Amino acid sequence: MQQEVLLKELQFKAIRSSGAGGQHVNKVSSKVELSFDLNASTGLSAKEKERLSQKLEKRLNKEHLLILQCDEARSQYRNKQLVIDRFFELLKKALHVPKKRKPTKPSRSSVEKRLKSKKAASTKKANRQRPSLD
């Protein structure tokens, strides 16, 4: 993944933010929409594109565009920075391949220790009962 190349491939659009904000929100386009074309990207290898299309299939539209929006800050510049950070974090998480788990057996001493503690708890609870009259 080449971040500099990906940054050049991103397309931004400024939109008016929704919600409360009074007159300011009506005259300033501070919401930023980022769109990224996964298939046309040159900054990703074929394997990375395949993995991303599998991992992000719910977030991609029919044209394989990834669209992210940010309107948290009042400034368009700050929203642009936030959405770029979010984009790269999303790619990083999607491209991460977890390590394969190696199945292991518990050691003999750990098994014995577990059974010994179970037996101790069992006898402790058995001693709490009233003795039988037989």
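Predicted model: local features only at pLDDT ≥ 70, side-chain atom pairs only at ≥ 80, totals over all residues.
Residues are numbered from 1 along each chain as its sequence is written, and side-chain values use heavy atoms, without hydrogens and water.

The protein chain contains 5 helices and 3 strands, where helices (H or I, at least four residues) and strands (E, at least two) are DSSP runs numbered from the N terminus. Their order along the sequence is α-β-α-β-α-β-α-α. The radius of gyration of the protein chain is 28 Å, well over the 14 Å given by the globule rule for 134 residues, so the chain is more spread out than a compact globule. This radius is taken over C-alpha atoms, and the rule is 2.2 Å times the number of residues to the power 0.38.

Buried residues (under 20% relative accessible area, with exposed over 50% and partly exposed in between; 1.4 Å probe, protein chains only) make up 25% of the 134 residues. In helix 4 they include Leu-82, Phe-87 and Leu-91. The buried residues of this helix pack against several elements, among them helix 1 (3–9) and strand 2 (31–37).

Lys-116 lies in helix 5 (residues 108–126) and is exposed, with a relative accessible area of 66%. Its C-alpha atom is separated by 46 Å from that of Lys-92, 24 residues apart along the chain.

Notes: Contact = heavy atoms within 4.5 Å.
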